[in-house]
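Here is a short note to read beside the model. Keep the structure open and find each residue as you go.

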Amino acid sequence: MADDARNKPLYMISVAAELTGMHPQTLRVYESKGLVNPQRSGGNTRLYSRADIERLELINQLTDEGINLAGVVRILDMKERAEEREREMEKLRARVRELEDEVHEFKMQKKITALAPRDGSADPHQVLRGLLGGGDL
């Protein structure tokens, strides 16, 4: 699911409470403690996104396992930092692929230049045919 769709505020507190199996007051407490930050409508109604629901489900799972709210805060922080690092790594991987393509292109240009006579008399298509093993272009 795209981040935009996951972060779209859709659910009022009663629906969020039903989806997560939590009491609306619990959701208010979690908001006051900064564990979840639902957006607000123009009328100041809390609106929870799919991402908020998933976060609340994780909080519920962790507290059911006996982790106190301080531990939950720490786990959520570590999870968010790990996700940010993963996004950074994916950007770096994409950049490495771009650079690999550029290096490959430079190497191809170097090979082509090495095959071409210095006086510029060679037909570029002939040079490429020679480089590519005589195939048609």
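Where does S49 lie? Point 1 answers that, after a word on the model.

This is a predicted model, where local features need pLDDT of at least 70, side-chain atom pairs count only at pLDDT 80 or more, and totals for chains, interfaces and linings use all residues. Residues are numbered from 1 along each chain as its sequence is written, and side-chain values use heavy atoms, leaving out hydrogens and water.

1. **S49.** S49 lies in the loop between β2 and α4. Helices (H or I, at least four residues) and strands (E, at least two) are DSSP runs, numbered from the N terminus. S49 counts as buried, at 4% relative accessibility. Buried means under 20% relative accessible area, exposed means over 50%, and partly exposed is in between (1.4 Å probe, protein chains only). A polar atom of the S49 side chain lies 3.3 Å from the backbone nitrogen of A51. That is a polar contact: a pair of N or O atoms within 3.5 Å, where, within protein, one must be able to donate a hydrogen and the other to accept it, and residues adjacent in sequence count only if both atoms are side-chain atoms. S49 also touches R6, N7, K8, P9, L10 and Y11, leaving aside residues up to four places away in sequence. Contact here means heavy atoms within 4.5 Å.

2. **D52.** Move on to helix α4 (residues 50-64), which holds D52. The D52 side chain reaches the backbone nitrogen of S49 at 3.0 Å. D52 is buried yet has no salt bridge. A salt bridge needs a side-chain nitrogen of Lys or Arg within 4 Å of a carboxyl oxygen of Asp or Glu. The nearest side chain of opposite charge, R55, is 6.3 Å away. For charge, Lys and Arg count as positive and Asp and Glu as negative, while His and the chain ends are not counted. Not counting residues up to four places away in sequence, D52 touches V36, N37, P38 and L47.

3. **Salt bridges across the chain.** How many salt bridges does a search of the whole structure find? It finds 12. One of them joins E31 and R46, with the closest N and O atoms 2.4 Å apart. This pair links distant parts of the chain: E31 is in helix α3 (residues 24-32) and R46 is in strand β2 (residues 46-47), 15 residues apart. Both E31 and R46 are buried.

4. **E80 and R55.** These side chains meet in a salt bridge of 2.4 Å, N to O. E80 lies in helix α5 and R55 in helix α4, so the pair ties together parts that are 25 residues apart in sequence. E80 counts as partly exposed, at 37% relative accessibility. R55 is partly exposed too, with a relative accessible area of 23%.

5. **A network.** Salt bridges link R6, R50, E54 and E57 in a network. Within it, E57 pairs with R50, the closest N and O atoms being 3.7 Å apart. E57 is partly exposed at 33% relative accessible area, and R50 is partly exposed at 21%.

6. Helix α5 (residues 69-115) has 47 residues. It reaches 69 Å from first C-alpha to last, close to the 69 Å expected at 1.5 Å a residue. That expected span is 1.5 Å times one less than the number of residues. At the start of α5, a side-chain oxygen of N68 comes within 3.2 Å of the backbone nitrogen of A70. V72 is found in α5. V72 is buried, with a relative accessible area of 0%. V72 touches L35, I59, L62, T63 and I67, not counting residues up to four places away in sequence.

7. **N44.** Check the backbone here. N44 has a positive phi of about 70° although it is not a glycine. Most residues other than glycine have a negative phi. N44 is found in the loop between β1 (39-40) and β2. N44 counts as exposed, at 51% relative accessibility.

8. **The whole chain.** The protein chain has 6 helices and 2 strands. From the N terminus on, they run α-α-α-β-β-α-α-α. Of its 137 residues, 18% count as buried.
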